[in-house]
Amino acid sequence: MAPSTTSPSSPILSSSPIDVKHPNLILRPATIPERHHTWTINKTSWAGILSDNAYYLREAHIASQDLTRNGGITYWILVDPAAPCDPSCPQSPDHILSACEAIRKPCLIARPDGEVEEVICYGIGSVYTAEKHRGKGYAKTMLQLLGHQLKDLPDPSDPKKSHIRVGFSVLYSDIGKQFYAKIGWNPHQSSHISFPAKLPNSVSSTKARNVLKSDLRALCAADCTHIRRLVTKTPFEKGVKARCVQFPTVELMDWHHAREEFIGQYATTKAPTVKGAWVAVTSNAEFQPKEGSEGLDAAWAVWTHDFAEKKLVFLRLHIPPVHSGNQDAVQEALRQIIIAAVQEAEAWELKEIMSWNADKATEDAVESVFGKESYDLVHREMDSIASLMWYDRESGGEEVEPEGIEWVMNEKFGWC
Ligand SMILES: CC(C)(COP(=O)(O)OP(=O)(O)OC[C@H]1O[C@@H](n2cnc3c(N)ncnc32)[C@H](O)[C@@H]1OP(=O)(O)O)[C@@H](O)C(=O)NCCC(=O)NCCS
């Protein structure tokens with residue numbers, strides 16, 4: 001973790017430049033003691049199976065990953081500048097009226113005229129108002145200020161990247177579609193399929209190869225190369241104005257795995273070592289993919305173990321484009337990946353497997369293992385609603401999502 005300090009992690013302060021219910025309040029980054037305050041406040045909602053102490057340690061652990069350390073994550077708090085508070089005092093979290101965090105991620109926007117724009121997006125999470133402060137408009141004020149402010153916050157850690165603008169921000173609502181939509185984060189497709197973590201007797205063991213932590217760097221690099229090409233070269237449907245994507249980088253996957261390893265250790269005294277499954281689609285497929293390749297000769301899943309909900313969740317399913325020459329091989333590879341996922345889930349006594357916004361090929365693969373109508377397709381209405389705030393370049397960064405924004409590869413890896 002970064003060394004402890006009692007000064008805000010960045011000097012940015014925001015009073016309200018926009019129309020908010022509480023124009024006197026300010027949004028600012030939390031000091032390190034204040035971060036701990038926010039964990040003390042929000043543990044009732046998010047500690048899950050962890051003890052209080054384990055929860056604080058987990059939060060500190062995931063804040064110290066490559067994705068999040070050195071300013072990759074910022075903890076934001078809404079405070080009243082007129083109220084007396086000592087930000088360094090661990091005993092007085094009362095001045096925090098509402099809190100949340102934002103993680104910076106590399107993304108891409110592609111447009112039908114062929115323009116490709118590298119952008120930053122922020123993933124917002126842990127939106128929280130302490131019970132005694134609820135119902136007064138504090139969360140709404142905080143999010144209005146934050147949504148507005150993030151768009152002017154490029155990467156301060158690397159001067160070479162200071163020209164990269166913030167293209168959008170995302171969050172995953174657990175309180176339905178209305179709350180965030182009213183403030184400017186529009187709900188997008190939020191579906192998943194789930195299937196049981198128990199193989200039918202007729203299915204024999206998998207030919208998939210285990211993906212280990214050390215394999216992820218090469219796999220994620222190939223996947224990102226593949227996604228970049230798909231997003232920029234796939235013809236745009238009529239009416240699509242721009243296509244946006246978050247990249248499933250190794251830093252992002254490691255962040256998810258830091259969480260699962262911590263909780264796995266706590267819940268079972270062991271941390272999962274198998275992070276996914278890989279299957280060749282062509283006879284000469286290379287594991288790991290060569291530098292610069294797109295990994296089109298194989299299919300693979302990167303997954304995470306959710307010990308609280310007892311689920312194995314695909315963070316990302318890499319499927320090469322299907323054509324008449326590889327259709328059967330891709331289908332068989334996906335089938336083997338499904339079997340491998342079930343075996344992994346069974347080994348950890350998890351109950352189900354989940355795949356976000358699964359495509360037809362994935363659904364077919366699940367059916368080929370379990371039979372017809374063997375999975376549930378859920379369009380979520382309340383939890384993990386993928387929501388997007390668009391920073392429109394044409395209108396000077398105004399936070400209004402125009403018609404025709406396509407958010408692609410909207411899989412679990414993007415969640416935070
Ligand atoms: C959700 C939460 C952050 C709201 O905080 P708050 O400061 O009480 O919210 P606000 O007073 O700013 O409410 C703003 C608006 O949202 C509505 N709202 C508040 N809580 C809501 C909820 N749980 N679901 C849907 N709408 C909600 C309010 O009625 C208000 O509507 P209005 O603008 O039409 O008057 C707070 O209840 C909380 O911390 N809950 C537990 C953690 C949680 O679920 N966080 C969200 C994770 S995605």
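Domain bounds in these legends come from an automatic or database domain assignment. The structure is a predicted model, in which local features need pLDDT of at least 70, side-chain atom pairs count only at pLDDT 80 or more, and totals for chains, interfaces and linings use all residues. Residues are numbered from 1 along each chain as its sequence is written.

**View 1. The two domains of the protein.** The assignment gives domain 1 (26-188 + 384-414) and domain 2 (192-379). Their C-alpha centres are 27 Å apart. To the contact, domain 1 contributes 36 residues and domain 2 contributes 37 residues; two residues are in contact if their C-beta atoms, placed from the backbone, lie within 7 Å.

**View 2. The side of domain 1 that touches domain 2.** Helices (H or I, at least four residues) and strands (E, at least two) are DSSP runs, numbered from the N terminus. At least two residues of this side come from each of H2, strand E3 (98-110), strand E4 (116-128), strand E5 (166-173) and strand E16 (405-407). E3 gives the largest share, six residues. The side comprises 20 nonpolar, eight polar and eight charged residues. Here Ala, Val, Leu, Ile, Met, Phe, Trp, Tyr, Cys and Pro count as nonpolar, Asp, Glu, Lys and Arg as charged, and the others, Gly among them, as polar.

**View 3. Contact of helices H1 and H2.** His36, Trp39 and Lys43 in H1 meet Asp52, Tyr55, Tyr56 and Glu59 in H2. Three residues of this contact are nonpolar, one is polar and three are charged.
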